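The sequence and structure are shown first.

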Amino acid sequence: MLEIVDLVKKFSGFTLGPLNLKISNNEILVMIGATGNGKTTVLNLVAGLIKPDSGSIYLDGVDITNHPIESRKIGYSFQRPNLFPFLTVYQNIIFGIKKKDRINKKNQIEKLVKSLDISHLVNRNIHGLSGGEIQKISLARTLVVDPKILLMDEPLSSLDNFTKRKLRIEIRQVIKNLMISCIYVTHFEEDVYSLADSVAILKNGRIKECEKLGTLLSYNNLSLNSYSCEVENEYSNYLEGIVVESVNGITKIKIHSFFIELIGDYRIGTLVGLLLKPEDIILSLDMVKTSARNVIKTNILNIGKDDYPTIGVVNVYLLVNGIRLISRITDESLKYLDLKKGDYVYAIFKSTSPRIIRQVKI
Amino acid sequence: MGIKNHQFNIVMMILSGIVITFILFPLFSIITFMDSSKLISEMFSPPLVNAFILSLVTSTISTILLIIFGMPLAYCLARYSFRGKFFINMLVIFPLVLPPLASGALLLGIFSPNAVIGKNFHSLEFTESIVGIIIAQTYVGSPFMILASQASFEAVDVSYENASRILGKSRLDTFVKVTLPLAKSGLLISVLLTWVRTIGELGATMMMAYNPHTISIQIFEDNAIGGLKQALPDILLVIILSVIALFIISIIRNKKEDVIRIRWS
């Protein structure tokens, strides 16, 4: 367990802290905050790359505040992974393992390399590898030394969306399999939904809120909309459910008491978290026959005319069996349908729109 | 705008051409004065060979001394912040801006038989000896080693060192396993530059030890006695050595892909 107590670091014009934070064993804490609010500084303080002005850092009950970097047993995955260019992939991975331990750790290394799907790269030198491959190798290099806690500083920020999505799932699985704690710094909403057990919001150098993901979402209408300054909002609709059917590439998911369908094959009983863009939800007054496989009757909770920065676009807040959804439509459509608070409308979206970003097999 | 760019390019090319000609021109005098029938035998005459070997040996020792003492200072200047760093940064440039004869005179001020160190170490001959040559070469060559090595260490992204320390390596391990391999090319160039510079050292060496003759003093003496014609074999030897060194430096510089930045997609 990591515990940060009254930690303060002063810079000219900016003070981080006093900071108090607890991360339990096997917990992934995602830290969000706008640029310049001190997210990376928190990680650098924990890693020992910079010294605090006051306060303490405890790792498994031991005060490591003044311990040298190399003896802290902390893993740090940087935004730019900085693999050593004069070593091969394998040499990079085993860099932190003492020579006498390398034989004993062979199985563990092989397992980790396999789980990250980089077995085919181990004999290569690092030139010409893709960004995603480099991040996976960096993660393997960090994890093989058995860190007690893993620090990740926006490791996916420079990758393309496809690689990001793939890696998020892999990162969470690997961390959970190794049962270590992790502080993951980001300003992407999807990272929060995909990875977080708990979320800490850093503002002006202080922790504004620190809650379990579920608690935070329940306080905030199941979205991170209230934190648009701290995190890039794109999706707004995060839903959790259970796979009840998966046939011919179409999966049916039960969310509370309604069902949605999406593409892909998933094992029945898997708990999933999924994202749905508000722009993908079409509103209709009538039950119409369309190619879209998801047509859900909802009740309009509210119409937020000033909730979206683009002129001529409004957020329509919908309620379906206790679950809130946001649809984003134009002013013209709102007028055309004459939508008002309390009206019943059908929310329509294709099975290609929802995207599973998190899954737990039972 | 296009014409202006074109004119700018022409001006730059003319100015560059003048400098290149200025550097190349003295080399043509070799052809004018060269007597090829005697050249080879003169190049292998015992006094010249002795002076050349002496220069190679002393400059190698000076360079090794600067690797041992100068490189750690370069690393400290590149990596640590401490009180007095500004002053030390200026101090290491001092032998470069000081006229070599003045450096030699100052060295004599402490190493001559009647000076502070010379007086207290009677058994060691600091002047008119190989030791004197090494002292002079080391002093004058020090800025080349320290400044070039400092630049090489500074070019190593500190995040590589941070990554190594976080992976459990000590400062020493990180220096040996990460910093040195990444700075290798730059450090090799600084070693070669220092070595070539110490071979060519004249002013300070002349003050500390006119005898035994290094190759530079041999050139000075031959030129004083018989002009360029007599000094030409000595000069040719130095030119051949310099060309080899420059060739090696160029190869290293071209291969300097150690500090490759990973391309992000």
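In chain B, α8(B) and α9(B) are roughly antiparallel (an angle over 145 degrees) to each other, because the axes of α8 (residues 158-166) and α9 (residues 171-199) cross at roughly 155° and come within 10 Å. The crossing of α8(B) and α9(B) is right-handed. On α8(B) the contact (C-beta atoms, placed from the backbone, within 7 Å) is made by B:Tyr160, B:Glu161, B:Ser164 and B:Arg165; α9(B) contributes B:Thr174, B:Lys177, B:Val178, B:Thr179 and B:Leu182.

The model is predicted; local features require pLDDT of at least 70 and side-chain atom pairs pLDDT 80 or more, while totals for chains, interfaces and linings use all residues. Residues are numbered from 1 along each chain as its sequence is written, and chains are lettered from A and ligands numbered from 1 in the order in which they are written.

Between the chains, 23 residues of chain A are in contact with 18 residues of chain B. On the chain A side, α4(A) gives the most, with three residues.

Chain A is divided into domain 1 (2-233) and domain 2 (238-360), with C-alpha centres 33 Å apart. Their contact takes eight residues from domain 1 and seven residues from domain 2. Helix α6 (residues 189-195) of chain A supplies the largest share of the domain 1 side, three residues.

The residue classes are as follows.

| Side of domain 1 of chain A that touches domain 2 of chain A | three residues | three residues | two residues |

Notes:
Contact = placed C-beta atoms within 7 Å. Helix = DSSP H or I, 4+ residues; strand = E, 2+ residues; numbered from the N terminus. Axes fitted to C-alpha atoms, helices over the stretch in contact; angles between N-to-C directions. Parallel < 35°, antiparallel > 145°, perpendicular 65-115°, else oblique. Left-handed = near helix turned anticlockwise from the far one by under 90°. Domains from an automatic or database assignment. Nonpolar A, V, L, I, M, F, W, Y, C, P; charged D, E, K, R; others polar.
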